[in-house]
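Hello,

Here is the structure for your files, with its sequence. My notes on what was found in it follow below.

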Amino acid sequence: MEINYQAMLDRYTVADWNALISLHRADIVRLQERYGMQSNIAWVGEEIDMLRLKIQQAEQRKAVLIARATGDDNANF
């Protein structure tokens, strides 16, 4: 069974992406609060960087959905 990745992404709504972004931001805050000054070392910093990347990707996918919904064919992604 072949999974169409784009079809999977198309099932998400702007609200879904916003919720995912909020969860990732909360995870970052939770890590920073728990590890404090140590949040810049080793795996904690890497985890925070990964969450920031996931936020960026979600923001981009949300922007694509908005551009499609508004008919903005000139959107540069």
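The largest nonpolar core of this predicted model has 10 residues: Trp-17, Ile-21, Ile-28, Leu-31, Val-44, Ile-48, Leu-51, Ile-55, Ala-58 and Leu-65. A nonpolar core here is a set of buried Ala, Val, Leu, Ile, Met, Phe, Trp, Tyr and Cys residues joined through side-chain atoms within 4.5 Å; buried means under 20% relative accessible area (1.4 Å probe, protein chains only). Two or more residues of this core come from each of α2 and α3 (42-70), and α3 gives the largest share, 6 residues. Ile-28 touches Ile-48, Leu-51, Arg-52 and Ile-55, leaving aside residues up to four places away in sequence; a contact is heavy atoms within 4.5 Å.

The chain has 3 helices and 0 strands, running α-α-α from the N terminus. Helices are DSSP runs (H or I, at least four residues), and strands are runs of E, at least two. Of its 77 residues, 21% count as buried. Among contacts between residues at least 6 apart in sequence, 58% join residues at least 24 apart.

On confidence, the mean pLDDT (the predictor's confidence in each residue, from 0 to 100) is 85, and 79% of residues reach 70 or more.

Residues are numbered from 1 along each chain as its sequence is written, and side-chain values use heavy atoms, without hydrogens and water. As the model is predicted, local features need pLDDT of at least 70 and side-chain atom pairs count only at pLDDT 80 or more, while totals for chains, interfaces and linings use all residues.

Regards

Notes. Buried means under 20% relative accessible area, exposed over 50%, partly exposed in between (1.4 Å probe, protein chains only).
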